[in-house]
Amino acid sequence: MAEQCFPIPRLRGVSREQFLEHLYPQRKPLVLEGLDLGPCTSKWTVDYLSQAGGTKEVKIHVAAVAQMDFISKNFVYRYFLLRTLPFNKLVQRAAEEKHKEFFISEDEKYYLRSLGEDPRKDVADIRQQFPSLGGDIKFPAFFREEQFFSSVFRISSAGLQLWTHYDVMDNFLIQVTGKKRVTLFSPRDAHYLYLSGSKSEVLNIDSPDLDKYPLFPKARRYECSLDAGDVLFIPALWFHNVTSEAFGVGVNVFWMHLPSECYDRTDTYGNKDPVAASRAVQILDRALKTLADLPEEYRDFYARQMVLRIQDKAYSKNLE
């Protein structure tokens, strides 16, 4: 268990002006209550979703265990027709505790992360991929239309826990039905999270293996519970781990915090690092490869010098 755990503030009736002028500049997570999200929170029952969503084939994750691991990929990702499910069948199975029909086991868990029509070229947008449902939901009108990047439709079985990761764009997590527990970690604590790319290797954040991850408890932990109608603002670069405490449906609305030219134009998922950051990492990798030509004592000395230079030149003195 993390040594420090802080509740995420909850505010009701926040206006666009209040959010943009006073809350958004703080770059901190926040739960917004009482926003007008349209009729989705009352309409999106299992029966309604099954009927309105129809039999469109969707690509899904199927997991035999509750904690999904995107590093070791302990789930099955269904790419082809015979390994997909019609949308209505997915909804019905995800709402079940035990399954008469299954891929792996009778208590397997399902997860939908909607995709664009051509995931290599198109971003996810519930209004495009699920127009019969997209009209039921209103996005919080807190950002300019040109900042909009994607709206990702998500469906999760009860008990399913997604891996800890960060996104490079700002995010409104709209909890339409069901309940989620969300645990977040500050970008400033990234060095305690044992990262592999954008993901943490620590799967069990409630009872971590401290022999393997001894620094993890030093990470400041922020938590909230999301009920139907709640909206969680997740600023870019904040790590988050999501557990569906009941069968639930949500929509993530991502929008660009940086100018559009800062992002990789080939990124349809919205999870590639900004272009400048990717270039910097490539340069660093080349520098480290150059250092490898030196004996260990020299390599260690100059690597430490590089770290000190980065801290002096790039670390912010203004962030908490």
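These legends walk through several close-up views of one predicted model. Residues are numbered from 1 along each chain as its sequence is written, and side-chain values use heavy atoms, leaving out hydrogens and water. Because the model is predicted, local features need pLDDT of at least 70 and side-chain atom pairs count only at pLDDT 80 or more, while totals for chains, interfaces and linings use all residues.

**View 1. Helix α4, largely enclosed by the rest of the structure.**
Helix α4 covers residues 87-94, and six of its eight residues are buried, so the rest of the structure largely encloses it. Here, buried means under 20% relative accessible area, exposed means over 50%, and partly exposed is in between (1.4 Å probe, protein chains only). Helices (H or I, at least four residues) and strands (E, at least two) are DSSP runs, numbered from the N terminus. The buried ones in α4 are Phe87, Asn88, Leu90, Val91, Arg93 and Ala94. They pack against several elements, including α3 (46-53), β8 (109-113) and β9 (148-156); contact means heavy atoms within 4.5 Å.

**View 2. The salt bridge between Glu33 and Arg12.**
A salt bridge is a side-chain nitrogen of Lys or Arg within 4 Å of a carboxyl oxygen of Asp or Glu, and the count comes to 18. In this one, the closest N and O atoms of Glu33 and Arg12 are 3.6 Å apart. The pair links distant parts of the chain: Glu33 sits in strand β3 (residues 30-33) and Arg12 in strand β2 (residues 10-12), 21 residues apart. Glu33 counts as buried at 17% relative accessibility, whereas Arg12 is exposed at 60%.

**View 3. Asp136 meets Lys43.**
These two side chains form a salt bridge at 3.1 Å, N to O. Asp136 is buried, with a relative accessible area of 7%, while Lys43 is partly exposed at 31%. Elsewhere, salt bridges that share partners join Arg10, Arg12, Glu33 and Asp230 into one network.

**View 4. Inside the largest pocket.**
A pocket is an open set of points on a 1 Å grid over the protein atoms alone, with protein on both sides within 12 Å along at least five of seven lines; a cavity is a set where a 1.4 Å probe fits but cannot get out, and lining residues have an atom within 4 Å of a point. Grid points are joined across faces, edges and corners, and a volume is the space filled by probe spheres set on the points. The largest pocket holds about 2000 Å³ of space. Of its 44 lining residues, Pro187, Arg188, Ala190, Leu237 and Leu319 are the closest to the centre. Helix α7 gives the largest share of the lining, five residues. By class, the lining has 32 nonpolar, six polar and six charged residues. Ala, Val, Leu, Ile, Met, Phe, Trp, Tyr, Cys and Pro count as nonpolar, Asp, Glu, Lys and Arg as charged, and the others, Gly among them, as polar.

**View 5. The largest cavity.**
This cavity holds about 40 Å³ of space. Its lining includes Arg113, Asp122, Thr268 and Tyr269, and divides into five nonpolar, three polar and two charged residues.
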